[in-house]
Amino acid sequence: MIGMEYAWLIPVLSFVAFPLILLLGKFFPGKGSSISIGAMGAGFILFLFVMADLLSNGEDFFSYKWFDVGGVELTWGFIIDPLSVSILGLVTFVALMVQIYSVSYMKDDPRFNWYFGIQAFFAGSMLTLVLADNFLLLYIAWELVGLCSYLLIGFWYERKPAVEAAKKAFITTRLADVALLVGILLLFKQVGSFSMSETFEQAELLMAGANSALSSGTTLIAALLIFVGAMGKSAQVPFHVWLPDAMEGPTPVSALIHAATMVAAGIYLVARTFVIFEAAPDSLLIVAIVGLLTTLMAASMALVMTDLKQILAYSTISHLGLMMLSLGSFGYTAAIFHLMTHGFSKALLFLAAGSVMHGIGRTDIRQMGGLIKVMPLTALAFGIGAVSLGGIPIFAGFWSKDEILLSVLDHRHPIFMILVLVAVFLSALYMARAFFVAFMGELSDENREGHEAPALMAIPMILLSILAVTFGLLALEWTDSFHGIGSFIFVHEGHGFEFNLILGLGSAILAASAFIIAWLIYVKGSVPISPFKRTFAPIISMAERKYYLDSMYQGFIDRVVLVFSALVAKFDRVFVNDVAVNGVAESVKRSAFTLRHHVTGLMYNYAFVMVVGAIALAAAWWAVAVKG
Amino acid sequence: MTWFLFILLSVMVIGGGLGVVTTRNVVHACLFLLFSLLAVAGLYVVLLAEFLAVVQIFIYGGAIIIVLLFAIMLTRSEEYPSISDNSQWPLAVVAGLALFSLLTATFVVNSRSFEVMHRVALTDLGRNLFTDWALPFEIASIVLLLALIGSIVIAKVERRR
Amino acid sequence: MLTLMHFQIVSAALFSVGLYGVLARRSAVLILMSIELMLNAVNLNLIAIASFTDPERFTGFIIAIFVITVGAAEVGLALAIVLRMFRNRGTVNIDEIELMKW
């Protein structure tokens, strides 16, 4: 029986697929895509075995020595616990779906096998990150994920926006990664090991008030630094700017980034190191505040965007904010649960959006409308994703969102609660707006040519739709041995299914009313929108301009970074290049030209110099000997 | 008597040597060399090393000088007077004097009063050479053989094709 | 009284004269002769030391014999090279053997 000790194979399969696809891809069916899909499918099957093993035998971790450096042992290893296995399932499943979808979506691209190679590498990096049992391995995988996202966002590098978006994503997340590295090193300095379990032990000692290697000040700083790293990858304000631009990559890539790999990494990191955050409770308040701010800002921006993919991008940021808020409110289970339900729903939405682009070649929702008539399946898939994320009961998003609301209610100030309810309303509203504007209403003439997605694109959408509908039901208590997801993923002690009727009903009513309002505005047209627009004009214009953050960053780069860089470049050219490097070379050359005339080639000249040397040596020896 | 012989032979050695390094005539130089080397052999006799004196006379006087004369004969002897000394000879004088003073100073400062000379029995020398020094002796013979072959190879006239 | 020092001084003088010859001469044959002078100076030194200090083991004598042997070999080889040089370049003037200069 294949058990959890083979879990390392899951990322390794994808890593092996990468060079295989690039070198030998053309000899395989599907020009190499079969290798990637095969590796991912095998990974998903392995995940099922690991999951079964975990359920019957409990969590475990495996660690293998890598090498010693001055008494510090570095290890390769992996953790098998509910957290890592859940994300493992999410990543393998979504990546598998995305790759199957891509076969059809990317079929005419000239760099088809490069695309699949990077896809496999991306998935492998993310899986390594999820399984890593020590911070060093995690950091390596973390950077690989960043690299792969850079390569995929900039996949169409002939297009300038794609290149700029790729650079933006890489640099923004890289800035945050520095903080993560410093945080890891801080922990290493006090604990003396990169091992997560040892670090968490110390953090738990600190929490219990016992004698711990960690000091509370360092723990707070390290937690905040790790959180900054997570903010970069999970696109929290003010690091969120890269994510909306990341849609310049192929749409399936967006699905992967938004649902399974890149942005999930930040949430996963905070969840994985949750003990450290708990040991410094102030950090959790900051996490909650950042999450709340992100969710509100992104929701308002999603409401005013007109590009289908940008709406989805801001929606992702908003939901990531919700997850951070949940983590910051001790809603560990809720955050991971929401990460998964959101992952399935958002992957579905992006695949549906990709299908729309594939069908009509447009992304602006104002040019759409009535698409349900030409692509009913896509519309259905998008609708399911929208209601799931919007928080309509029974659909997946509702259950996880409800758990988040519950933890915010239990652990944070009522103001948080009010604001998060506003965000919930907004998120339902923008999802409804996107759906109604794009798929309902009148079908315009130029879109009549649109066609439904081919089978290879439809199948992943159908499978993801099923999950988006049903996955949330895992929250419920089904049997005597399974008390809802809270008894499976938890940080200290499991809890059964909790449901606050008023809260659940309230949020359901909010979401439903948002959908109804959107219906009235955008489909029926019975409620005019202009009074709202006039009332909230300042906020709307700010949201449309992305709260000026992008312009601020651009201004900072133009006025400070580029000016400084120009100075450095000048310094390099004048001092390093002309004076130091060329100067040394020039002086050596000149002295060589002068000195070479002393190389006569005459034997007796050389002999004379030799004799002088010998006599000088003897005289020196003499002086020393006589003195001694 | 020993003193007188020593001084006489020393003057001959140094004088011959100076003759070698100063004369412009290469054949004279060769003869000066012979003169000096024979005087060295005389000094060996003063040192009670008659066997080495005989060896010195045979090898230097009989072989090396002849080879040198042959070499002079086989090369273009008319150019020798014009190419005897090079332009750095004053420096060479300084170097020679410096070395001489350094060595002399060393010998004078470190002189220990060894005053008794020992006569070496030729049989002992031979036994020693062929027992304790047998391996170096064989190697020396190989060196000589190689030098012989090497000289022939280097100096051989190549057949024109 | 005749001591080791006197022989050593004669040997030093002969060596210095030979050194001067090596440094100051321009003809390959003359340089070879100067080298012979230096070799003899060394031999004189060796034999003097052996004669004054080493009654049992004759190391100095034996090394002197080897020096003579190697010197003979050296002269043979060197003169062969001189002959070859003369045949190739038409001269034994080492001023013209300067291929290794810049």
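# A tour of the predicted model, chain by chain

Begin in chain B: Arg127(B) and Asp124(B) sit 3 residues apart in helix α5 of that chain, so about one helical turn separates them. An α-helix has 3.6 residues a turn, so residues three or four places apart point the same way. Show both side chains and find the salt bridge between Arg127(B) and Asp124(B), where the closest N and O atoms are 3.5 Å apart. Arg127(B) is exposed, with a relative accessible area of 54%, whereas Asp124(B) is partly exposed at 33%. Keep in mind that this is a predicted model.

**Stop 1: a loop in chain B**

Stay in chain B and select Leu48(B), in the loop between α2 and α3. Leu48(B) is not a glycine, yet its phi is positive, about 65°. Most residues other than glycine have a negative phi, and most peptide bonds are trans. The relative accessible area of Leu48(B) is 22%, so this residue counts as partly exposed.

**Stop 2: where chain B meets chain C**

Now select chain B and chain C together. The contact involves 83 residues of chain B and 69 residues of chain C. The size of an interface is often given as the accessible area lost when the parts come together. Here the buried area is about 7,100 Å², and carbon and sulfur atoms give 76% of it. Across this interface there are 0 salt bridges by the rule used, while 13 residue pairs are in polar contact, both residues at pLDDT 80 or more.

To see which parts of chain B are involved, colour its helices. α1 (2–22), α2 (26–46), α3 (50–74), α4 (89–109), α5 (122–131) and α6 (134–155) of chain B each give at least two residues to the side that touches chain C. α3(B) provides the largest share of that side, 12 residues. Sorted by class, the side of chain B that touches chain C consists of 57 nonpolar, 19 polar and 7 charged residues.

**Stop 3**

**Stop 4: chain A as a whole**

Among contacts in chain A with a separation of 6 or more, 79% are between residues 24 or more positions apart.

**Stop 5: salt bridges in chain A**

The structure holds 12 salt bridges over all chains. Select Lys168(A) and Asp245(A), which form one with the closest N and O atoms 2.9 Å apart. Lys168(A) lies in helix α6 (residues 160–191) and Asp245(A) in helix α9 (residues 242–245) of chain A, so the pair ties together parts 77 residues apart in sequence. Lys168(A) is partly exposed, at 23% relative accessibility; Asp245(A), at 19%, is buried.

Another salt bridge joins the side chains of Asp68(A) and Lys65(A), at 2.8 Å from N to O. Asp68(A) counts as partly exposed, with 45% relative accessibility.

**Stop 6: two loops in chain A**

Go to the loop between α8 (216–233) and α9 of chain A, where Pro238(A) lies. A cis peptide bond, with omega about 5°, joins Val237(A) and Pro238(A).

Finish in the loop between α14 (308–328) and α15 (332–360) of chain A, at Phe330(A). Phe330(A) is not a glycine but has a positive phi of about 65°. Its relative accessibility is 34%, so Phe330(A) counts as partly exposed.

How values were computed
Residues numbered from 1 in each chain as written. Chains lettered and ligands numbered in written order. Predicted model: local features only at pLDDT ≥ 70, side-chain atom pairs only at ≥ 80, totals over all residues. Heavy atoms only, no water. Contact = heavy atoms within 4.5 Å. Buried area = accessible area lost by both parts, 1.4 Å probe. Salt bridge = Lys/Arg side-chain N within 4 Å of Asp/Glu carboxyl O. Polar contact = N/O pair within 3.5 Å; in protein donor to acceptor, adjacent residues only side chain to side chain. Helix = DSSP H or I, 4+ residues; strand = E, 2+ residues; numbered from the N terminus. Nonpolar A, V, L, I, M, F, W, Y, C, P; charged D, E, K, R; others polar. Buried < 20%, exposed > 50% of the residue type's maximum accessible area, 1.4 Å probe, protein only.
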